[in-house]
Amino acid sequence: MLDGPTGVLLGVVIGCLLIATAAGQVLKRQPDSSVNPAIVQAFIHRVRAWWLMTAILAVTFLIPTPIATVILFGLISFWALREFITLTPTRLGDHRTLFWVFFALTPAQYVLVGMGSAQYELFSILIPVYGFLFVSARIAIAGDYKRFLERVAKIQVGLYICVYALSYAPALLYLEKWTNADYSTSAGLLFFFILIAQLSDLLQFLCGKLIGRNVIAPSINASRTWEGFFAGTGVTAIIGAALSLTGATPFNSWQSALMSIVIAVMGAAGTMTMSAIKRDRGVRDYGTLVEGHAGVLDRIDAICFAAPVFYHITRYYFTTLAG
């Protein structure tokens with residue numbers, strides 16, 4: 001799936017990561033009085049996480065079938081859902097329901113995604129409709145009515161965010177079938193989406209640390225400011241417009257800028273939402289798998305919220321504007 005334009009985009013990303021790695025090492029050697037060590041350490045850890053994500057995606061793209069990437073995201077969903085459920089106390093009556101959630105609904109969602117765009121009508125409603133009905137009924141059948149609504153809601157939220165929403169990211173691989181445009185592969189589209197989602201998260205964080213004054217919601221996330229949000233989103237839009245020149249996406253410069261803004265806004269919404277859940281549960285992070293950025297869910301919160309919106313806008317572009 002790694003065609004010429006996607007290879008160029010991958011090369012740009014690797015080049016930027018090399019520069020970021022070097023910059024992190026230079027900043028690390030600066031005296032504490034000139035640079036905030038906490039910001040430098042957070043930056044270095046995020047760059048390391050980027051290297052890992054880029055390497056994994058590059059390997060899956062080298063396999064001449066999108067199934068490998070779908071499986072990768074399925075495994076990520078499984079682990080993220082595990083982290084989420086671990087933080088939400090369950091009762092004995094929920095255990096069989098969770099078994100079906102992990103080993104039936106989650107794989108079924110990704111099997112439908114892997115079957116291609118022809119199954120869009122089914123994978124778009126499997127969890128919101130049939131998953132909702134199944135989880136509610138299965139917990140009721142278990143006979144435990146204590147905190148019933150709360151328990152159902154927790155499982156549903158985890159399923160929606162960690163599995164349903166995230167599954168729209170690999171679904172981008174099949175969108176080329178919806179357009180008559182000269183666009184040979186959609187690997188670049190997925191790579192563009194993940195890159196912009198992660199860039200916007202990093203830029204909003206860094207801009208907030210450097211120029212932030214007005215915190216959006218102090219009790220939810222003290223590191224997210226309005227100045228960081230607007231500045232980070234603006235820089236992300238400029239980068240997105242520049243990346244359109246690689247030819248890895250079907251969008252022109254202004255369309256890529258608008259798409260980048262959408263991704264940045266939804267990514268920020270995801271970060272704030274997942275922070276609110278962590279505060280509610282009284283924890284700092286969802287897990288400890290990714291060094292410096294805690295669990296998988298901490299790393300992909302922006303992707304989860306942005307993926308369905310980006311998918312549907314892109315699908316509309318393919319079916320209506322480009323068609």
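The dialogue below goes through several features of a predicted model and how each can be read.

Colleague: Which conventions apply to this model and its numbering?
Modeller: The model is predicted, so that local features need pLDDT of at least 70 and side-chain atom pairs count only at pLDDT 80 or more, whereas totals for chains, interfaces and linings use all residues. Residues are numbered from 1 along each chain as its sequence is written, and side-chain values use heavy atoms, with hydrogens and water left out.

Colleague: How many helices and strands does the chain have?
Modeller: Helices (H or I, at least four residues) and strands (E, at least two) are DSSP runs, numbered from the N terminus. The chain has 11 helices and two strands, and along the sequence they follow the pattern α-α-α-α-α-α-α-α-β-β-α-α-α.

Colleague: What share of the residues in the chain is buried?
Modeller: Buried means under 20% relative accessible area, exposed means over 50%, and partly exposed lies in between, with a 1.4 Å probe and protein chains only. Of the 323 residues in the chain, 53% are buried. As for contacts, which means heavy atoms within 4.5 Å, residues 24 or more positions apart account for 73% of those in the chain with a separation of 6 or more.

Colleague: How is the packing of two helices described, and at what angle do α2 and α8 pack?
Modeller: Two packed helices are described by the angle between their axes and the distance between the axes. Axes here are lines fitted to C-alpha atoms, for helices over the stretch in contact, and angles run from 0 to 180 degrees between N-to-C directions; under 35 degrees counts as roughly parallel, over 145 as roughly antiparallel, 65 to 115 as roughly perpendicular and the rest as oblique. Helix α2 (residues 37–62) and helix α8 (residues 187–211) pack at about 175°, with their axes 12 Å apart, and are therefore roughly antiparallel to each other.

Colleague: Which residues of α2 and α8 meet?
Modeller: Among them are F43, W50 and F61 in α2, and L190, F191 and F205 in α8. By class, the contact has 16 nonpolar, two polar and three charged residues, where Ala, Val, Leu, Ile, Met, Phe, Trp, Tyr, Cys and Pro count as nonpolar, Asp, Glu, Lys and Arg as charged, and the others, Gly among them, as polar.

Colleague: Which residues does F205 touch?
Modeller: Not counting residues up to four places away in sequence, F205 touches A42, R46, S223 and R224. F205 lies in helix α8 and, at 9% relative accessibility, counts as buried. The C-alpha atoms of F205 and R224 are 6.4 Å apart, although these residues are 19 apart in sequence.

Colleague: How many aromatic pairs does a search of the whole structure find?
Modeller: Rings of Phe, Tyr and Trp (its six-membered ring) pair if their centres lie within 6.5 Å, and planes under 30 degrees apart count as stacked, over 60 as edge-to-face and the rest as tilted. The search finds 18 aromatic pairs. In one of them, F78 and F102, the centres are 5.2 Å apart and the planes stand at 65°, so the pair is edge-to-face. This pair links distant parts of the chain, with F78 in helix α3 (residues 67–86) and F102 in helix α4 (residues 95–114), 24 residues apart. F78 is partly exposed at 29% relative accessible area, whereas F102 counts as buried at 11%. For Y317 and F318, the centres are 5.8 Å apart and the planes at 55°, so that pair is tilted; both residues are buried.

Colleague: Which residues form one aromatic cluster, and which charges lie over rings?
Modeller: F78, F99, W100, F102, F103 and F134 form one cluster. A charge sits over a ring if NZ of Lys or CZ of Arg is within 6 Å of the ring centre and within 35 degrees of the ring normal. R82 lies over the face of W79 at 4.9 Å from the ring centre, and R315 lies over the face of Y120 at 3.9 Å.

Colleague: What is the phi of R147?
Modeller: Most residues other than glycine have a negative phi. R147 has a positive phi of about 50° although it is not a glycine. R147 lies in the loop between α6 (126–141) and α7 (148–171) and, at 47% relative accessibility, counts as partly exposed.
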